[in-house]
Structure formats: structure tokens, C-alpha cells
Amino acid sequence: MKQIAIVAYQQTDSVSDAGAVNEVELIMPVLARTFKQAGLKSAQDVGFTCSGSCDYLQGAAFAFVAGVDALGAVPPIKESHVEMDAAWALYESMLKIRMGHADSALIYGFGKSSPGELPIVLSQQLDPYYLAPLWVDSISLAAMQARIMLDRGLITERDMAEVVSRSRRNAMNNPHAQLSGDISPEDVLAEETYLSPLRKADCCPVSDGASAMIIATVEQAKAWGLPYVIISGIDHCIETHNLGMRDLTDSVSTRIAANRAGMNAGKVDVAELYAPFSHQEIILTRALGLDEGTSVNPSGGVLAGNLMMASGLSRIGEVFNRIVKGEARRGIAHATSGPCLQHNLVTVLEQGENA
Amino acid sequence: MSQPEILNQAFELGYTYTRSTGPVVGRFLTELKKRNIVGIKASDGRVVVPPMEYDPDTAAELSEFVQVGQQGEIVSFAWVKEPRAAHPMQVPFAWAMIKLDGADVPMIHCVAAAAESDIATGARVRAVWADETIGFITDIRCFELV
């Protein structure tokens, strides 16, 4: 099987409101920087293009098609889209390359969440008969998950505040972060509850932005003369949509995906976890069995900025950046989708020869 | 230059189809219309409310309905200080996972309570029915503390 590697990754800043900028205008500068990083001119120079976005954010069916305007898709290109985080667009692109239908691919994800009411928009991804008509929002579901953990003594509010504090402090070194600062756990605990038991700081912010990545076979990456990071494993797993039947204190699907992706075949220097709520970072860290030897969310994670439909791809991009800079040799990236960590994807990344 | 005329057309989004809810979801909704709550037995014997069509672990088709109570116990809850416009209540309330009497799996619905301090994990609640029931999950208007 051909080895596949990442050769370029770029993202926008995470901003709370991109203003009048439309999706195409969000995507185009990121694509331009990504092509430049890879020494390519346009989507004509890769074998496949796949994007991730959500029509519910734009509020119109097939709204994602407009995103293709950012590519300049003439002459025609091989293109696809997932109504999922762009981490899953990466997954589809890897299948395309492994099937021999392409040697390289451009992946991008974008979301402009600010015009709508994101937690309510996300209620419409739930069971269409039992939950969506109640408009139960994503933050309330996460709050119930956190309370189960608190009630059972699996975490304390202090543990959650420590996750937030570390995120804010790590994000001070992330130029794209929306929320950063020298915030102590005590500062977080001094905040009143927002959606009890959660404080506002326990929840990721609503952000606008986009990210993009170029992957290629190792042969192609070498031919391009680019530093590359090998994707040694990728897998995903989903749990039932019935929240009452899940063990919300664990992430079984993350653990299965990580095992299948080969996470445990070596040391994990860095892990970027898509945890939209502070307690979920603890669930994921435990589900994956990560210890002090792994730097968790050195970027600040999505508590520092959550590019809906792109944050999963960004986790992979963040690990790519660390390995290219020589700060890590091997790492994992996690992406999630659905309420309370329902659907999870794990990618294992390893240093290439000239990374 | 004169102001250009802005073209206007009224538009009402309508769906030209109806959808059958099937023998499991449909049965549950029909029972709600009669102010009754039923669950279904999963492969391992657990009673699931609202009923699922398939067992999430074994993928077996489920068909054994079970009558459950209209009262139950709060398994977890989230206190909504500032309800959103789409929420079913416009005064502070709780979302809760409620395990009804006779059920093994909690369901999610809203709970009316005057204050956060009134509600707790383990608290008993009962269903409050809408004035008119139409075979929809919102036939249960909310749950209230017993």
C-alpha cells in the first residue's frame, strides 16, 4: 500500500465574526497560502479535491457548491464533498489515493457559524422525531454529560478549570487563537455557571474560519522536494445516536479508532484532541490512555477557537506543524462530530525522512 | 439616478410529501397522542424509551413494546438560565435525562422548576401533557418535579 504524507497545511485566524466576508472569501486566501507552501499553482495541480462543510450553517441546501468557486474549477477537476468536518474529507482523499485514482489531494474545510445560533443549529443533527423537535442544544447535552461525570466523582470542577487554564495559556503561542491569556484555574472557577454545571469558559467559542491541507504519496512528496509528515494510520468509529444508551463518561469509539489506526505502535509525543468542552478533553485523554509523556493540545485546542467543519482537519494540521518544526516525532490527531463525542476519527502522524 | 426597483416575491417553504413514522416510532407517537408512554425491549432485555427500531449493539430489529410509567427519576440535568427562542420554555428550566419507571434507558426532555436549587440528580418527576396531543414528542409539554 502506498504511503501517504501531508506536505502543506494552512488555516485562517479563528474569529468570532468574520463580518461581511462570505465563505468563498474565507477560503480563497487559505487556499492561496496552501498552494504556495506546496509550490503549486492551483487545484489543477493535485489529483483530487475534497471539502468538508455544513449546509445548515449557511442555511441553504447545496450551499457547499458555492465553495467550489474558491477553487477555479475550470477546466474540470475531480472534486467531492463531505457534509462533515474536513478531517473526514481527508479520510475520503486517502481512500481515493489508496485506490490509485490520484497521487495527491487538496482538502479544505470551512464554516461561518456567526450568522446563526450554532448550538440551536446543531440541535437539528439529532434524532428527527425524539430530539430535534425539542431544539435541545449542543451545550445543554454536553452539560448533562459533565454532570454525570461530576456526580460520579470521575472529575471535579477544578479538573475542568485546569483544562481551560492550560488551553488559554497554550493558546498564547498560537497566532490563530481566538481566546488566549494567562488565566489560572482559580480565575475560571471564579466565573459563575453559564449552563450549569458548565461555565462559559468550559465551552469552545463560536468561530468563523477555514483550513486547508495538501497530501500526496510519499513518492510525489519527494518529487516535489517538500518536507512531509507520514499519515501512518487513520480510522473512525461512531456510537449510537441514542444518548441514553451510551456511556457518556467514556469515549469507546475514540479508543477503537485509535487502536485500529495503530496509535499504540509507538510513543505519542503530541496529541491534538477535538474537545469542544473542557470535560471532554479529560474523557478523551483517559480513553486514549495518554500520560505526562504526551503534550496534549499545545495549540490550545478548540477551546481557543472552534472552526466548525474545519477544526478536525486543523487538529491534524497542528500535529503536522509540530513534527515539521522538529518539536515532535510522532503524534495523534482526533476529530469529533455529533453530540457528546458521538463520532470520532483518529489519525496517527509520523516524521518523514526529510521533515 | 433613480432607486432601482427591488423585486419581491413572497415565499413559503412547503414540503409536498408526507412521511410515515413506521411501526416503532409511529406506535410511540400514537401512544403519546393517547397520553400513554411505551418503550421497547432491546436485545439484552433493557427497556428503551423512546423505543428504537434497531438495537444499537446487535442491530437486531426490535418489536416487543413495554408499557412504562409517566413518572421517573432524573439521571442528569443541565440548568438553562437563559432560554433560547427555540427552546420549549421561555423561563429558566432544565434539560434532563429521565429514567421513567419501568425503563432502563433514560430519555431526554425538559423539566420545569422554579430554581436550580429545586432540582437534583435522583429527583422524581412526572410528565405534563400538552392541552392538545397530536402524536408528537412535544405532546409531553415537559416534566415537573413530584
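Modeller: By class, the lining of the largest pocket has 27 nonpolar, 11 polar and six charged residues, where Ala, Val, Leu, Ile, Met, Phe, Trp, Tyr, Cys and Pro count as nonpolar, Asp, Glu, Lys and Arg as charged, and the others, Gly among them, as polar. This is a predicted model, in which local features need pLDDT of at least 70 and side-chain atom pairs count only at pLDDT 80 or more, while totals for chains, interfaces and linings use all residues. Residues are numbered from 1 along each chain as its sequence is written, chains are lettered from A and ligands numbered from 1 in the order in which they are written, and side-chain values use heavy atoms, with hydrogens and water left out.

The pocket has a volume of about 1,000 Å³. Of the 44 residues that line it, A:Leu122, A:Gln125, A:Ser138, A:Met308 and A:Gly338 are the closest to its centre. On a 1 Å grid over the protein atoms alone, a pocket is an open set of points with protein on both sides within 12 Å along at least five of seven lines, a cavity is a set where a 1.4 Å probe fits but cannot get out, and lining residues have an atom within 4 Å of a point. Grid points are joined across faces, edges and corners, and a volume is the space filled by probe spheres set on the points.

The largest pocket lies between domain 1 (4-117 + 206-224) and domain 2 (232-349) of chain A, because both give residues to its lining; these bounds come from an automatic or database domain assignment. In chain A, α2 (55-58), α5 (118-123), α6 (138-151) and β11 (330-337) each supply at least two lining residues, helices (H or I, at least four residues) and strands (E, at least two) being DSSP runs numbered from the N terminus.

Because 13 of the 14 residues of α6(A) are buried, the helix is largely enclosed by the rest of the structure; buried means under 20% relative accessible area, exposed over 50%, and partly exposed in between (1.4 Å probe, protein chains only). Just after α6(A), A:Gly153 takes a positive phi of about 75 degrees.

The largest cavity holds about 150 Å³ and is lined by 14 residues, with A:Tyr130, A:Leu131, A:Asn242, A:Leu243 and B:Pro50 nearest its centre. Its lining divides into 10 nonpolar, three polar and one charged. B:Pro50 is found in the loop between β2 (47-48) and β3 (65-67) of chain B, and the peptide bond to B:Pro50 from B:Val49 is cis, with omega near -10 degrees.

The second largest cavity has a volume of about 110 Å³. Among its 14 lining residues, A:Gln11, A:Ser14, A:Asn174, A:Gly305 and A:Arg315 are the closest to the centre. Here the lining consists of three nonpolar, nine polar and two charged residues, and helix α12 (residues 311-324) of chain A gives the largest share, four residues.
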